[in-house]
Amino acid sequence: MQTIVLKPKKEDSLLRFHPWVFSGAIAHNPDPLTEGEVIRVVSAKGDVLGVGHYQLGSIAVRMLSFRDEAIDAEFYRRRISAAYTMRIHLGLIRPDNNSFRLIHGEGDNLPGLIIDMYAGTAVVQAHSVGMHRDREMIVDALRRVIPEDNLRNIFYKSETTLPFNGDVDPENEYLYGGTDVDYVSVENGLNFHIDWLRGQKTGFFVDQRENRRLLESYSFGRNVLNMFCYTGGFSVYALRGGASKVVSVDSSSKAMMLTDENVRLNFGEDPRHESFTEDAFKFLKEMPDGVYDLIVLDPPAFAKHRGAINNALQGYKKLNASAIEKIASGGILFTFSCSQAISREQFRLAVFSAAALSRRKVSILHQLTQPADHPINIYHPEGEYLKGLVLYVE
Ligand code: SAH
């Protein structure tokens with residue numbers, strides 16, 4: 001294992017277990033280092049701070065351990081086992097729930113790795129070249145930790161998260177199983193067809209599970225508008241909650257097909273549901289006032305990096321302003337931001353500005369976040385990304 005030496009005083013964040021080493025903190029890089037290799041990080045005084053994956057770019061090392069230990073199959077087995085045990089304790093592995101996030105990067109002490117579980121299929125996504133290189137060890141660890149009945153396939157999906165180049169070839173493929181695949185997964189007793197082969201991210205937004213359940217509890221007798229519906233998660237919960245009407249909107253026709261399919265899987269041809277393939281801003285602008293009394297706004301991350309924050313805040317303000325202006329009296333608005341670069345306070349301020357434009361009476365009923373299977377490593381506050389507000393509009 002090669003060693004990277006930090007500049008004087010640059011060890012402080014690592015002593016507080018923050019898992020990233022920025023390239024500017026490095027005094028000496030051994031030559032040649034291969035992207036993705038496991039390296040030891042040492043302070044200027046010569047103390048070993050831990051080991052991590054080396055990568056090109058501003059985050060030069062993603063720390064895997066704050067001890068001097070081997071990163072081998074046994075290491076991955078221990079980490080994955082700890083994460084699986086946590087999901088058992090969280091009560092997420094049940095006959096009526098087999099969709100959950102097993103590994104949430106830094107939150108599960110495995111920076112660069114995401115694993116979502118859908119009805120016995122693990123969808124593995126590498127966000128660092130190091131995790132890509134270690135994928136066979138990860139597959140081996142998964143098979144050792146998870147009982148066979150609960151793990152029938154492992155699909156590796158990193159084509160969209162890693163660049164193809166001479167050394168790295170992150171082809172999407174089954175690394176285990178692949179012949180007996182069940183694409184219907186269960187979340188809180190509801191069925192969802194999950195298309196990890198072609199869908200966004202790992203195929204489904206598991207992170208809204210608890211927030212969908214809260215929406216269900218407000219749905220009875222309401223006219224629901226689910227904007228940015230993707231595979232229709234909120235719509236299906238609203239229908240089960242007894243909504244009078246549910247309208248789903250997404251700009252992607254593929255997403256609308258998946259939404260319709262998920263409604264059908266649970267309720268057959270349900271005349272309460274209608275779907276529109278349309279731009280959300282246009283839809284909100286053109287819809288009449290007072291039709292919907294429960295609205296969901298769950299857009300994609302408007303700020304993908306810090307430079308985009310101001311524009312993103314304007315986007316959130318505009319979107320929320322149209323919804324608050326048009327929601328029926330006594331209406332409830334679920335509004336979200338999944339931009340990691342935007343803080344809870346910034347998002348709340350954008351929604352406040354939107355409310356002020358409408359001049360209506362607005363109260364905050366709930367402040368929402370990501371669920372427990374997307375844990376935030378206390379030493380890595382950057383891991384908190386999902387923010388939501390539930391508003392009551394008089
Ligand atoms: N609420 C969803 C996840 C939303 S992901 C769930 O619970 O699963 C964001 C979605 O917004 C994507 O499906 C994307 O196709 C859609 N989208 C992006 N830009 C849009 C726009 N301008 N108008 C409507 N939909 C848009």
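In which hand does H9 pass H10, a right-handed or a left-handed crossing? H9 passes H10 in a right-handed crossing, where left-handed would have the near helix turned anticlockwise from the far one by less than a right angle, and right-handed clockwise. You are looking at a predicted model, in which local features need pLDDT of at least 70, side-chain atom pairs count only at pLDDT 80 or more, and totals for chains, interfaces and linings use all residues. Residues are numbered from 1 along each chain as its sequence is written, and side-chain values use heavy atoms, with hydrogens and water left out. Helices (H or I, at least four residues) and strands (E, at least two) are DSSP runs, numbered from the N terminus.

**Helix pairs**

- Two packed helices are described by the angle between their axes and the distance between the axes.
- Axes here are lines fitted to C-alpha atoms, for helices over the stretch in contact, and angles run from 0 to 180 degrees between N-to-C directions.
- The axes of H9 (residues 309-326) and H10 (residues 344-358) come within 8 Å and cross at roughly 40°. That angle makes H9 oblique to H10; angles under 35 degrees count as roughly parallel, over 145 as roughly antiparallel, 65 to 115 as roughly perpendicular and the rest as oblique.
- Contact (heavy atoms within 4.5 Å) involves, among others, Ile309, Leu313 and Tyr316 of H9, and Phe347, Ala350 and Val351 of H10. The residues of this H9 and H10 contact divide into eleven nonpolar, four polar and two charged, with Ala, Val, Leu, Ile, Met, Phe, Trp, Tyr, Cys and Pro counted as nonpolar, Asp, Glu, Lys and Arg as charged, and the others, Gly among them, as polar.
- For H2 (residues 73-89) and H4 (residues 135-145), the axes come within 8 Å and cross at roughly 50°, which makes H2 oblique to H4. Their crossing is right-handed.
- Residues of H2 including Tyr76, Ile80 and Tyr84 meet residues of H4 including Met137, Ile138 and Leu142. By class, the contact of H2 with H4 has nine nonpolar, one polar and four charged residues.
- H5 (residues 209-217) and H6 have axes that come within 8 Å and cross at roughly 35°, and their crossing is right-handed.
- Among the residues making the H5 and H6 contact are Arg209, Arg212 and Arg213 of H5, and Phe234 and Tyr237 of H6. This contact has four nonpolar, two polar and five charged residues.

**Ligand surroundings**

- The ligand is surrounded by 15 residues, and the closest are Arg212, Asp250, Asp279, Ala280 and Asp298; a residue is near a molecule if one of its heavy atoms lies within 4 Å of it.
- Asp250 has a side-chain N or O atom 2.7 Å from an oxygen atom of the ligand.
- Asp298 places a polar side-chain atom 2.7 Å from a nitrogen atom of the ligand.
- Gln200 has a polar side-chain atom 3.2 Å from an oxygen atom of the ligand.

**Backbone points to check**

- Most residues other than glycine have a negative phi, and most peptide bonds are trans.
- Asp31 and Pro32 are joined by a cis peptide bond, with omega about -10°. Pro32 lies in the loop between strand S3 (26-28) and strand S4 (38-42).
- Phe228, a residue other than glycine, has a positive phi near 60°. Phe228 sits in the loop between strand S14 (223-227) and helix H6 (233-240).

Terms used. A polar contact is a pair of N or O atoms within 3.5 Å; within protein, one must be able to donate a hydrogen and the other to accept it, and residues adjacent in sequence count only if both atoms are side-chain atoms.
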